[in-house]
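Notebook open, structure loaded. I want to look up a few side chains and helices and jot down what turns up.

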Amino acid sequence: MTWRQAAFWAGFVALLGVSVWTVAPDPARLAAGLPRLLGWLAGSWPPDFSGAGDIARRAGETVGIATLGTLCAALLAFPLALLATRPLSPFLALYQPARGVLDGLRGTDGFVFALLFVAAVGLGPFAGMLGVALHSAGSLAKLWSESMETADPRPSEAITAVGATRMQVALYALIPQTMPQNLSHLLYVWEFNIRASTVLGLVGAGGLGQELKNAVDLLDFNRVLAILIVIIALTLAADRISATLRRHLA
């Protein structure tokens with residue numbers, strides 16, 4: 001074993017030890033809480049789908065938040081991806097700052113952004129859409145820049161040799177070459193945002209999470225189960241739609 005491998009495993013063991021000490025897993029507490037959880041689940045049957053119109057409206061908000069948030073994220077991500085792609089960045093001094101912006105957007109969860117926008121623009125799905133857009137812009141730009149950086153360099157080198165600018169390299173070589181992969185990334189992020197948007201209502205940003213929070217606050221577990229069923233169905237539908245479209249792009 002080399003010293004690098006030894007250092008890696010020592011660091012991993014140290015991280016694991018600190019994590020166990022911080023989290024303090026307690027199987028006894030889990031064993032004591034499981035019967036209570038099973039009791040709640042047993043009492044939640046049958047699911048309460050009364051007021052189905054409200055659930056449908058909240059489900060529509062969830063899809064709208066995810067779809068518009070993903071579209072806005074794509075518009076923000078495109079210029080950021082160009083700046084964060086080494087062969088395309090107009091000034092190399094902007095490359096590392098652009099990568100730092102992407103890390104900041106990706107590192108801040110959409111839930112946190114939604115909480116901030118609720119304070120800025122008020123309650124409702126608009127705040128949720130803005131939160132989804134900012135977080136997803138970082139993720140999309142990161143994926144797009146990496147796909148362009150790892151693309152076959154020969155087309156770019158060929159048009160660069162005849163005097164093409166960086167933007168022309170992007171428009172006529174890298175973007176067309178990576179378009180199927182980047183559209184697949186876009187669909188994946190949209191699918192992820194459908195799942196993520198279901199909980200944004202917990203901070204007042206609309207969607208099914210708002211309905212879920214109201215049911216939990218009232219300890220209405222029959223209603224909670226109905227909303228969870230809708231969330232699962234919505235997630236499965238988004239997964240199937242996204243997977244089908246990605247197969248056609250492959």
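Predicted model: local features only at pLDDT ≥ 70, side-chain atom pairs only at ≥ 80, totals over all residues.

I began with Arg195, which has 31% relative accessibility and so counts as partly exposed. My cut-offs: buried is under 20% relative accessible area, exposed is over 50%, and partly exposed is in between, with a 1.4 Å probe and protein chains only. Residues are numbered from 1 along each chain as its sequence is written, and side-chain values use heavy atoms, with hydrogens and water left out.

Which residue does Arg195 meet in a salt bridge? It is Glu191, at 3.1 Å from N to O. A salt bridge here is a side-chain nitrogen of Lys or Arg within 4 Å of a carboxyl oxygen of Asp or Glu. Side chains of opposite charge can pair when their charged atoms come close. Both residues sit in helix α8 (residues 166-197), four residues apart, about one turn of the helix. Helices are DSSP runs (H or I, at least four residues), as strands are (E, at least two), and they are numbered from the N terminus. Glu191 has 5% relative accessibility, so I logged it as buried.

**Entry: other salt bridges**

How many salt bridges does a search of the whole structure find? Eight. I looked up two more of them.

Lys142 pairs with Glu146, with the closest N and O atoms 3.2 Å apart. Both belong to helix α6 (residues 125-149), and because they are four residues apart there, about one helical turn separates them. Glu146 is partly exposed, at 33% relative accessibility.

Next came Arg223 and Glu211, whose side chains also meet in a salt bridge (3.2 Å, N to O). Arg223 lies in helix α10 (residues 221-249) and Glu211 in helix α9 (residues 208-217), so this pair ties together parts that are twelve residues apart in sequence. Are these two buried or exposed? Arg223 and Glu211 are both buried. They also belong to a network of salt bridges that links them with Arg57, Arg58 and Glu61.

**Entry: helix α6**

I went back to α6 to check its shape. It has 25 residues and reaches 35 Å from first C-alpha to last, close to the 36 Å expected at 1.5 Å a residue. That expected span is 1.5 Å times one less than the number of residues. Where is the kink in α6 centred? On Ser136, with a bend of about 25 degrees. The bend at a residue is the angle between axes fitted to the seven residues ending there and the seven starting there. Of the 25 residues of α6, 18 are buried, so the rest of the structure largely encloses this helix.

**Entry: nonpolar cores**

In soluble globular proteins, nonpolar side chains tend to be buried together. A nonpolar core is a set of buried Ala, Val, Leu, Ile, Met, Phe, Trp, Tyr and Cys residues joined through side-chain atoms within 4.5 Å. The largest one has 22 residues, and Leu140, Ala141, Trp144 and Met148 have the most contacts inside it. At least two residues of this core come from each of α3 (52-83), α4 (95-107), α6 and α8. α3 gives the most, with six residues.

I then picked Ala141: leaving out residues up to four places away in sequence, it touches Ala77, Leu80, Ala81 and Leu102. Contact means heavy atoms within 4.5 Å. A second, separate core has 14 residues, including Ile194, Ile227, Val230 and Ala238.

**Entry: aromatic rings**

A search of the whole structure gives two aromatic pairs. Phe8 and Trp9 make an edge-to-face pair, 5.2 Å centre to centre with 75 degrees between the planes. Rings of Phe, Tyr and Trp (its six-membered ring) pair if their centres lie within 6.5 Å; planes under 30 degrees apart are stacked, over 60 edge-to-face, and the rest tilted. Trp9 and Phe12 have ring centres 5.9 Å apart and planes at 90 degrees, so they are edge-to-face too. Phe8 is exposed at 51%, whereas Trp9 is partly exposed at 46%.
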